[in-house]
Every structure is written in structure tokens, then in C-alpha cells.
Amino acid sequence: MVCVGVVDTTFARVDMAKHAIEVLRKRVPALKVKRYTVPGIKDIAVAAKRLLDEGCEAVLALGWVGPTQTDKYSYLAYSIALQNLQITYGKHIIDVTVHEDEAEDPKKLKEVAVERAKEHALNLALLLTRGPEALTPLAGTGQRQGWPDAGPL
Amino acid sequence: MVCVGVVDTTFARVDMAKHAIEVLRKRVPALKVKRYTVPGIKDIAVAAKRLLDEGCEAVLALGWVGPTQTDKYSYLAYSIALQNLQITYGKHIIDVTVHEDEAEDPKKLKEVAVERAKEHALNLALLLTRGPEALTPLAGTGQRQGWPDAGPL
Amino acid sequence: MVCVGVVDTTFARVDMAKHAIEVLRKRVPALKVKRYTVPGIKDIAVAAKRLLDEGCEAVLALGWVGPTQTDKYSYLAYSIALQNLQITYGKHIIDVTVHEDEAEDPKKLKEVAVERAKEHALNLALLLTRGPEALTPLAGTGQRQGWPDAGPL
Amino acid sequence: MVCVGVVDTTFARVDMAKHAIEVLRKRVPALKVKRYTVPGIKDIAVAAKRLLDEGCEAVLALGWVGPTQTDKYSYLAYSIALQNLQITYGKHIIDVTVHEDEAEDPKKLKEVAVERAKEHALNLALLLTRGPEALTPLAGTGQRQGWPDAGPL
Amino acid sequence: MVCVGVVDTTFARVDMAKHAIEVLRKRVPALKVKRYTVPGIKDIAVAAKRLLDEGCEAVLALGWVGPTQTDKYSYLAYSIALQNLQITYGKHIIDVTVHEDEAEDPKKLKEVAVERAKEHALNLALLLTRGPEALTPLAGTGQRQGWPDAGPL
């Protein structure tokens with residue numbers, strides 16, 4: 001039985017985990033989901049590490065980043081940690097970050113968050129079940145999660 | 001008996017540790033607190049590491065960051081180190097950072113610092129005593145520490 | 001038989017892998033190419049690590065970076081991870097990044113992407129087949145990939 | 001006999017080591033000081049590492065940072081490395097950095113450099129001889145090194 | 001016989017290696033130089049690592065950085081990697097970086113590059129042959145490589 005970790009935060013303003021888990025369950029047969037909720041993005045990496053240590057095959061990291069420059073630096077430190085962890089374990093940790101300055105309209109921002117969580121849950125499901133070339137048919141096609149695809153040039 | 005480390009600095013302008021320790025003791029039965037005071041944020045990571053090596057289950061890191069761009073870079077290096085340490089040990093180090101440019105009014109800034117320390121001490125106590133889903137009921141609800149909650153979208 | 005990994009993304013707007021693989025095959029006798037497609041640059045490092053673990057001698061990392069400041073930070077975290085991985089394995093991972101703000105004209109941007117992929121595929125082929133001094137005749141000559149060479153001063 | 005490393009640079013415009021060593025000798029009985037001089041801040045981490053490998057209990061790192069944005073990035077890389085090293089060894093490396101843009105008046109800048117070196121030498125001496133709570137009486141009191149203390153809020 | 005690695009790039013616009021190697025050979029008796037040329041700065045760290053693995057005592061890293069903000073981030077990632085590598089191996093990797101925005105006049109920029117390479121080659125030679133206090137007489141004297149010394153305050 002495949003185990004996938006889902007890490008989210010109380011800082012986030014949308015319950016992205018709910019939507020992501022729905023997609024994961026639909027796509028991965030007999031999936032076991034382990035959820036871990038932490039205060040903010042700087043606590044996600046250690047939660048992900050613990051879930052990997054407990055046997056999860058991959059983690060979905062549902063980060064939420066505030067609008068200030070300090071928040072951006074926190075995001076940078078967080079991104080560095082997640083990649084560090086991935087190359088230590090050789091496991092995917094899909095980073096589903098929403099930045100509060102992506103949209104001014106709260107309704108739009110919520111929509112972006114929900115869609116991004118769902119689309120990246122699908123990405124993860126595909127990588128887990130079909131392997132390294134699962135996404136190859138979409139390579140170079142300008143996929144976006146939460147916003148309309150940019151499309152190929 | 002659970003041991004929690006509390007690292008603070010002489011650079012900070014508020015004694016956040018006092019408030020954090022009060023909350024921790026109230027919440028975690030038979031808690032052992034080990035305090036370590038260092039000059040500034042760049043010295044916190046090694047203090048946290050030593051406390052983890054001495055058997056602490058987690059650390060509360062009470063950082064204070066000045067207002068200049070150089071201070072922001074120091075904050076970034078510090079954040080990278082704390083996450084690096086967390087993913088090495090698999091232990092939570094809750095980062096309770098106050099940025100001196102968060103509020104112009106000294107009284108307000110002090111209030112933010114005290115409240116943040118207390119709220120993150122509570123977060124840590126919950127994670128330690130109730131585990132990965134302790135905070136899940138608050139996931140996606142826009143919690144803030146020291147400032148009013150942003151709330152869910 | 002030499003194995004080279006090629007990692008690309010669905011975020012990219014040009015299928016750079018196709019062009020890079022063509023050049024690699026032409027240049028490296030009996031080359032085995034392993035392709036791995038991921039959502040975006042923050043997923044490339046772990047894919048590269050897996051390919052190295054499967055025996056690849058080197059990896060071509062075909063990143064694509066959006067135009068915002070947040071994208072730049074993601075690029076930075078990605079660059080740190082790739083170099084971290086290289087110095088852990090002692091294997092080249094040639095970073096073929098295209099930044100969406102490099103050219104305003106989509107046609108020009110596509111051309112830059114294709115040429116960069118091909119030129120770096122050639123660089124990698126030379127390093128793999130002829131070793132550390134393969135590129136020495138070009139040292140200090142201001143080579144650019146995708147844009148005209150700057151030339152020596 | 002306790003050994004402390006002192007690393008300084010030829011890039012610095014003030015001989016901070018002289019002042020720091022004086023304070024260290026006065027405060028730590030039978031201290032052995034090992035000095036290592038390198039060109040600039042990017043060479044300090046490896047010198048510190050070598051001194052720790054030779055048995056030093058701690059290192060005082062006397063960095064000097066130029067005024068440009070590039071210099072700030074070098075400072076950031078340096079800060080990351082020093083903290084990385086500290087959490088690998090579990091030893092304090094007190095970072096006594098002077099930024100050339102801290103003061104316009106050369107005389108003032110020199111004074112800042114000398115005082116900072118002395119005050120951090122004292123911090124290190126206290127941590128070495130009296131342990132984790134040596135500085136606790138000053139926690140939250142807004143200590144500054146080289147500039148007047150900010151004081152508690 | 002001492003071995004020193006010299007890593008340079010095809011991106012650089014000046015053949016700095018030639019000048020650096022000349023100085024190294026003059027200063028270090030029976031020196032063995034191993035040269036490794038890579039496309040750009042993001043490829044230098046792995047080349048340096050390979051040369052250290054082959055037995056080199058130290059490496060001279062001849063980087064060249066473009067003028068854009070993206071180039072600065074690449075420089076930052078590169079600096080982090082070089083220091084990471086140095087503290088893993090305990091060997092000096094002297095970072096001789098030229099930033100294309102240091103001088104507008106191409107002739108001046110070339111002169112800076114050549115002089116910097118030569119002066120840092122000398123620094124490395126002194127550290128290798130005379131050890132940690134070789135540069136101590138110049139500590140705090142404001143040495144610059146390629147530009148006039150700033151001098152002591």
C-alpha cells in the first residue's frame with residue numbers, strides 16, 4: 001500500500017489538503033494518506049522528513065507565503081530545505097506554494113489555491129503510479145497550476 | 001520526562017523566553033526546560049543543536065532581527081540553518097522570529113513579541129503532546145502569532 | 001554504455017529535451033538517454049538524483065524560470081540544490097536554464113531555448129568523452145549559449 | 001588548556017584580531033589562541049573548520065564586508081557556511097562581521113570594528129567558561145556590539 | 001609534489017588561468033597543476049570536487065559573473081557551493097570571481113581580471129607553503145585584488 005504524506009499549515013488561508021487528498025485517493029489505488037499540520041512553511045520540512053521516515057513514498061507540501069519581503073526570504077529558506085530533503089531521500093516532495101500576493105481578489109486567490117492543490121496532487125499521483133515519463137507528453141507545454149496554462153511557444 | 005530547549009538572544013529587546021516557558025510548563029506535564037542564551041540569531045542554530053544532542057525533544061528559537069537589509073540576509077542564513085538542523089534531527093525547532101520593522105510603536109512591538117512567543121509555545125506544546133494532527137483542526141484558517149489572525153478565505 | 005539523464009519540466013514552454021537528446025546521441029557513441037519529466041524546477045534536483053542513482057554519468061537539467069521575483073528565488077533554491085547534488089556525486093549536472101524575461105519576443109525566446117539546449121548538450125558531450133580539458137581551448141573566450149558569444153576582452 | 005581559533009582577513013581594514021585576542025587572554029585562563037589569516041570572508045569557513053579539526057573549542061570569525069550588493073551576497077553565502085559548520089561540529093563560531101556601509105566616517109567605522117571584536121570576544125569567553133546560561137541575565141536587553149545598546153522595550 | 005587545481009570557464013572573457021598558473025609555478029616548488037574548464041560558474045564546484053578527489057591540495061576557482069540580477073543569484077548559489085565544498089574537504093578553494101559590472105571599460109575589466117587572478121594565485125601559494133599565519137602580517141590592511149588596496153583605517 002502506497003503512503004503519501006500531506007503537510008499543511010495553520011497559516012494558510014485555504015484548506016488545500018482536503019482537495020489534494022480527494023484527488024490523490026481517486027488516482028492512487030489503496031492509498032494511505034498521512035497528514036501533518038504545522039504552524040507555517042518553516043516547519044514543513046521537518047514534518048515531511050518525519051513522514052518519509054515513517055515510510056511515505058512522497059509528500060505534498062502545501063505552503064502559504066505572506067506578501068512581505070521577509071516572507072519571500074522565508075519562502076527561499078523553505079525551498080532550499082525541501083530540495084535538500086528530496087535529494088537526501090530521493091523522494092518527491094511536490095511544493096504547492098501559494099503566495100498571498102498572487103491575486104488581490106480573495107475569491108480568486110482561494111480558487112488558485114484549490115486548483116493548484118488539485119493539479120499538483122494529480123502530478124504527484126502520475127509520477128507515483130506511472131514513473132519518470134508519466135509527464136513527458138506535457139513536457140515543454142507551459143503547464144501552470146491554478147492559473148491558465150501559458151502554453152508552448 | 002520531556003525536555004524542550006529554549007534558545008534566546010541578548011540582541012532581542014524583549015524577554016520572550018520567560019513568557020514562552022510559562023506556557024510550555026503549563027501545557028506539558030513534567031516538562032524539563034533547558035535555556036541557552038546567545039548573542040544573536042546567527043548563534044542560535046548551534047545552541048539548538050547542542051540542546052538536541054543533550055536529549056531535548058524540540059527547541060523554541062526566539063530570534064530577533066534588526067531592520068536593515070543586512071539583517072534580512074542574516075535572517076535568511078539563520079532560517080536556512082534552522083531547517084537544515086530540523087531535517088537532520090527530525091525534531092521541531094519552532095522559529096519565533098520578531099522583525100524590528102514589524103511595528104513602529106515600541107509598545108506594539110513588545111506586545112507582538114510576547115504574544116508570538118506564547119502562541120508558538122502553545123503550538124509546540126500541542127505538537128509534542130498530541131502529534132502530527134494536533135493542529136489539523138486549524139489548518140487553512142489563517143492563524144497569525146502576535147498579530148490578529150488573517151482568517152480563512 | 002554511457003547513460004545520460006535528461007530532466008525537463010511541464011512548466012517549460014519549449015520542448016528543449018528533444019533538441020538536446022539529438023545532439024547528445026550524435027556526439028556520444030552508444031549513448032543511453034534516460035528522460036524524467038517533472039512539473040517545475042523545484043522538482044528537478046530529486047529527478048536528477050534518481051537518475052544518478054540508476055547509473056547515469058551526468059544529467060542535463062532543462063529548467064524554465066518565470067519572470068517574477070518569486071520565480072527568481074525559486075531559481076536560486078534550485079541552483080543551490082543542483083550544485084549540492086553535483087558535489088555529493090562528483091557528476092556534472094549541466095544547468096540549461098531559460099528565464100522567461102530573457103526576451104520579450106516569444107519567437108526569440110524559443111530560439112534561445114532551443115540553441116541553449118543544443119549548445120549545452122554539446123558541452124556535456126565534450127566533457128563526457130574528452131574530459132576536464134575538452135573545453136580548455138575555449139577558456140576565457142566569452143562563450144554564450146543561446147545568445148551570441150560575448151567574445152574575449 | 002582551552003584552544004580558541006581566531007580567523008581574520010587581509011581584506012579587513014582594521015586589525016580586529018589583536019583586540020579580540022587581548023580580551024580572550026584576559027578572560028580565559030591558560031588560553032591557547034590559534035590565528036589563521038585568509039584573503040576574505042569566503043575563505044573564513046574552511047580556516048575555521050581546520051582550527052576546529054585541530055582541537056579548538058570555538059572560533060572567532062572576524063569578517064569584513066564591502067559596501068556593494070555583490071558583497072552582501074558574499075556575506076550571505078559566508079553566513080550560511082558558518083552556521084552549517086557550527087551545526088556540524090556543535091561548536092560556537094562567533095561571527096564578528098563589520099559591514100563597510102555601517103558608518104561613513106572612517107574613524108567611527110574603526111571604532112565600531114574594534115569594539116565589536118572586543119565585545120564578541122567577551123561573549124565567547126563567557127560562553128566557554130560559564131556555559132549556556134552565562135548570557136541569560138542579558139537576554140532580551142537589546143545588546144549591540146560596537147554601537148550603543150538598543151536596550152529592552 | 002603538491003597538486004593544485006585550476007578551474008576556469010568558457011563564459012569568462014579573459015584567460016585568467018594562464019596568469020594564475022604562471023604565478024603558482026613560480027611560487028610553489030615542483031607544483032603539479034591540474035586544469036579543468038567548464039561552461040560557467042555553476043559547473044565549477046563539481047570540477048573542484050573532482051580535482052580534490054584526485055589529490056589536489058587546493059583549488060583556484062576562476063569565476064566570471066554576468067551583469068544581471070539573475071547572474072547575481074547564480075553567483076550566490078556558486079559561493080554557497082564553494083564554501084560547502086571547502087568545509088567538507090578542509091581544503092582551500094580560492095574564489096577569484098570577476099563581476100562583469102565591476103568596470104565599464106573593457107580594457108580596465110581585463111586588467112582587473114588578470115591582476116585578481118595573479119594576486120589570488122599568490123595568496124594561495126603563500127597559504128600552501130607557509131600555512132595559516134602566512135598572510136597574518138597583512139591582516140586588517142585592506143588588501144584588494146585587481147583594484148588598488150583600500151588600506152587600513
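**Close-up views of a predicted chain assembly**

**Figure 1. Chains C and D do not touch in this view.** In this predicted model, chain C and chain D have no contact between them, and their closest C-alpha atoms are 11 Å apart. Chain A and chain D are likewise not joined by any contact; the closest C-alpha atoms of this pair lie 11 Å apart. The model has an ipTM of 0.97 and a pTM of 0.98. For chain A, the mean pLDDT is 97, with 100% of its residues at 70 or more.

**Figure 2. Chain C is superposed on chain A by a rotation of 72°.** The shift along the axis of this rotation is 0.0 Å, and the RMSD is 0.0 Å. The two copies are thus related as by a five-fold rotation axis.

**Figure 3. Chain C meets chain A through 36 residues of chain C and 31 residues of chain A.** On the side of chain C that touches chain A, two or more residues come from each of strand 1 (3-9), helix 1 (16-27), strand 2 (32-38), helix 2 (44-53), helix 3 (69-89) and helix 4 (106-130) of chain C. Helix 3 of chain C gives the largest share of this side, with ten residues. By class, the side of chain C that touches chain A has 19 nonpolar, seven polar and ten charged residues. Only 8% of the interface residues of chain C are also interface residues in chain A, so the copies meet through different surfaces.

**Figure 4. Chain C meets chain E through 31 residues of chain C and 37 residues of chain E.** The elements of chain C that each supply at least two residues to the side touching chain E are helix 3, strand 5 (93-95) and helix 4. Here the largest share, nine residues, is from helix 3 of chain C. The side of chain C that touches chain E is made up of twelve nonpolar, 15 polar and four charged residues.

**Figure 5. Helix 1 and helix 4 of chain C pack with their axes 8 Å apart.** The packing angle is about 30°. That makes helix 1 of chain C roughly parallel to helix 4 of chain C. The crossing of helix 1 of chain C past helix 4 of chain C is right-handed. From helix 1 of chain C, the residues Met16(C), His19(C), Ala20(C), Val23(C), Leu24(C) and Arg27(C) take part. From helix 4 of chain C, they meet Ala113(C), Val114(C), Ala117(C), Lys118(C), Ala121(C), Leu122(C) and Ala125(C). The contact of helix 1 with helix 4 in chain C comprises ten nonpolar, one polar and two charged residues.

**Figure 6. The axes of helix 1 (residues 16-27) and helix 4 (residues 106-130) of chain E come within 8 Å.** The two axes cross at roughly 30°. Helix 1 of chain E and helix 4 of chain E are therefore roughly parallel to each other. Helix 1 of chain E makes a right-handed crossing with helix 4 of chain E. Helix 1 of chain E contributes Met16(E), His19(E), Ala20(E), Val23(E), Leu24(E) and Arg27(E) to the contact. Residues of helix 4 of chain E in the contact include Ala113(E), Val114(E), Ala117(E) and Lys118(E). Sorted by class, this contact in chain E holds ten nonpolar, one polar and two charged residues.

**Figure 7. The axes of helix 2 (residues 44-53) and helix 3 (residues 69-89) of chain B come within 9 Å.** Their crossing angle is roughly 15°. That makes helix 2 of chain B roughly parallel to helix 3 of chain B. Helix 2 of chain B and helix 3 of chain B cross in a right-handed manner. On helix 2 of chain B the contact residues are Ile44(B), Ala45(B), Ala48(B), Lys49(B) and Leu52(B). On helix 3 of chain B they are Tyr78(B), Ala81(B), Leu82(B), Leu85(B) and Tyr89(B). The contact of helix 2 of chain B with helix 3 of chain B has nine nonpolar residues, no polar residues and one charged residue.

Definitions and conventions
Residues numbered from 1 in each chain as written. Chains lettered and ligands numbered in written order. Predicted model: local features only at pLDDT ≥ 70, side-chain atom pairs only at ≥ 80, totals over all residues. Least-squares fit on C-alpha atoms with pLDDT ≥ 70 in both. Contact = placed C-beta atoms within 7 Å. Helix = DSSP H or I, 4+ residues; strand = E, 2+ residues; numbered from the N terminus. Nonpolar A, V, L, I, M, F, W, Y, C, P; charged D, E, K, R; others polar. pLDDT = per-residue confidence, 0-100. Axes fitted to C-alpha atoms, helices over the stretch in contact; angles between N-to-C directions. Parallel < 35°, antiparallel > 145°, perpendicular 65-115°, else oblique. Left-handed = near helix turned anticlockwise from the far one by under 90°.
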